[in-house]
Amino acid sequence: MNKLLVARNEIDAIDKELANLYEKRMQAVVKVAQYKKENGMPIFDESREKAVIEKNTAYLSDDSLKSGYVKVLNKLMEVSKDYQRQAIYGNSIGYQGILGAFSHIAAKRLFPDSNLLSYSSFRHVVDAIEEGTINAGILPFENSSAGEVGDVMNLLFKHPDLYIEAYYDLKVEQNLLGIKGAKREDIKKVYSHQQALDQASNYLRHRGYELISYPNTALAASFVSEKGDFDKAAIASKETAEIYGLDILEDNIQNIDSNYTRFVIVSKKPHNTGEKTGIFFTVKNEAGCLAEIINIISASGFNMSSLISHAMPELPWEYYFFVQLDCSSDTDDYRQMAQELIKHCQSYRCIGSYSKI
């Protein structure tokens with residue numbers, strides 16, 4: 001038996017052991033996920049991951065293997081987090097839009113092995129959660145440059161049985177996409193969502209393109225692909241280009257490089273631990289009422305990272321407020337503050353504590 005075959009047989013035997021150990025590890029991961037689910041704990045624990053890498057690399061006797069082993073551990077923990085997410089949130093996840101939409105991209109990155117269901121509107125995603133058709137939904141909540149997504153905010157306000165469990169920040173990168181073989185100088189018409197056109201306004205300015213607004217970026221890419229014209233282009237993500245068989249004529253054309261959309265995982269399960277807590281409330285339309293609420297929050301010592309007022313769709317000139325605090329709702333200090341807020345609010349509801357996923 002030659003040396004190559006001997007080495008390969010040795011690797012095969014080790015791989016068999018690895019498969020058995022992988023199964024045992026994932027069985028333990030499920031137990032971790034169950035505990036986190038029961039106790040409302042976030043999946044991602046940065047300090048724990050750092051400790052795992054430091055401890056496990058110390059077991060190596062050959063330091064030259066350390067960098068490679070760190071990559072193996074990082075990949076293993078990514079797989080473990082995916083497995084935990086599926087165990088905690090279930091196998092059916094809903095999102096709004098078609099393949100290639102930013103909501104689809106966020107859902108695919110968070111739940112690569114889950115059954116992802118597309119819905120035509122945010123309202124249909126919410127209805128599916130309430131009906132139990134899906135275990136959770138991925139909804140865009142806020143953009144770092146454009147602010148909150150009003151339709152989603154209204155839905156969460158109007159549906160008291162929905163809660164935010166976690167959030168995910170997706171970096172928004174816009175690209176000019178054309179059909180195979182097209183060149184930038186061929187383009188005359190550019191299709192995309194109005195927000196995407198605005199986000200790439202510096203690139204588009206003075207190029208003489210006819211800009212055509214579309215319901216979303218993925219639909220624009222689908223349209224350009226179907227038409228097959230060299231003079232048509234879409235602005236969308238790189239993932240969308242791959243899905244619809246388009247070429248990237250120019251990448252990263254957005255005005256601001258640090259543009260993120262925050263997506264939230266929404267379900268019917270109350271969640272009371274996390275780095276942030278969201279609150280909806282209303283107050284009387286009288287002088288000093290809102291200031292009183294802000295003073296109560298200030299006196300509690302919690303940082304208020306966001307305060308948004310939003311018109312109530314069915315009551316002209318009436319408003320509700322959303323406050324995001326940098327704290328967990330599962331503390332005595334928070335509960336004491338909440339009791340004071342309830343006394344001074346017309347309505348009050350915590351929509352959950354949540355952490356970055």
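This is a predicted model: local features need pLDDT of at least 70, side-chain atom pairs count only at pLDDT 80 or more; totals for chains, interfaces and linings use all residues.
**Helix H6**

I started with helix H6 (150-158), which is mostly covered, with 7 of its 9 residues buried. By buried I mean under 20% relative accessible area, by exposed over 50%, and by partly exposed anything in between, with a 1.4 Å probe and protein chains only. The buried ones in H6 are Gly150, Val152, Met153, Asn154, Leu155, Leu156 and Phe157. Helices here are DSSP runs of H or I with at least four residues, strands are runs of E with at least two, and both are numbered from the N terminus.

Residues are numbered from 1 along each chain as its sequence is written, and side-chain values use heavy atoms, with hydrogens and water left out.

**Whole chain**

I counted up the secondary structure and got 12 helices and 15 strands. Buried residues make up 45% of the 357 in the chain. The C-alpha atoms fill a box of roughly 90 × 60 × 40 Å along the principal axes. I also checked contacts, meaning heavy atoms within 4.5 Å. Among those between residues at least 6 apart in sequence, 74% join residues at least 24 apart.

**Cores**

Next I looked up the nonpolar cores, which are sets of buried Ala, Val, Leu, Ile, Met, Phe, Trp, Tyr and Cys residues joined through side-chain atoms within 4.5 Å. The largest has 26 residues, and Leu139, Phe141, Leu156, Phe280 and Phe322 have the most contacts inside it. H6 turns up again here: the elements giving two or more residues to this core are helix H5 (122-131), strand E3 (136-143), H6, E5, strand E11 (260-267), E14 and E15. I then took Leu139 on its own. Leaving out residues up to four places away in sequence, Leu139 touches Phe122, Val125, Val126, Val152, Arg262, Phe263, Val264 and Val266. In soluble globular proteins, nonpolar side chains tend to be buried together.

Of the 16 lining residues, Met41, Pro42, Tyr89, Glu165 and His271 are the closest to the centre. Helix H1 (3-39), helix H3 (66-89), strand E5 (163-171) and strand E15 (347-356) each give two or more residues to the lining. By class I have 8 nonpolar, 3 polar and 5 charged residues. Ala, Val, Leu, Ile, Met, Phe, Trp, Tyr, Cys and Pro count as nonpolar, Asp, Glu, Lys and Arg as charged, and the others, Gly among them, as polar.

**Ser328 and Ser329**

I went on to the loop between strand E14 (319-325) and helix H12 (332-344), where Ser329 is found. Ser328 lies in the E14 to H12 loop too. Ser329 is buried at 10% relative accessible area, and Ser328 counts as buried at 17%.

For polar contacts I used pairs of N or O atoms within 3.5 Å, where within protein one must be able to donate a hydrogen and the other to accept it, and residues adjacent in sequence count only if both atoms are side-chain atoms. The Ser328 side chain reaches the backbone oxygen of Asn272 at 3.0 Å and the backbone nitrogen of Asp330 at 3.2 Å. A polar atom of the Ser329 side chain lies 3.2 Å from the backbone oxygen of Asn272.

**Gly352**

Gly352 sits in strand E15 and is buried, with a relative accessible area of 2%. Beyond four places away in sequence, Gly352 touches Tyr163, Ile164, His271, Lys276, Thr277 and Gly278.

**Positive phi**

Last, I looked up two non-glycine residues with positive phi. His206 has phi near 70 degrees and is in the loop between helix H8 (201-204) and strand E8 (210-213). Trp317 has phi near 65 degrees and is in the loop between strand E13 (304-311) and E14. Buried or exposed? His206 is exposed at 78% relative accessible area, and Trp317 counts as exposed at 71%.

Terms used
On a 1 Å grid over the protein atoms alone, a cavity is a set of points where a 1.4 Å probe fits but cannot get out, and a pocket is an open set with protein on both sides within 12 Å along at least five of seven lines; lining residues have an atom within 4 Å of a point.
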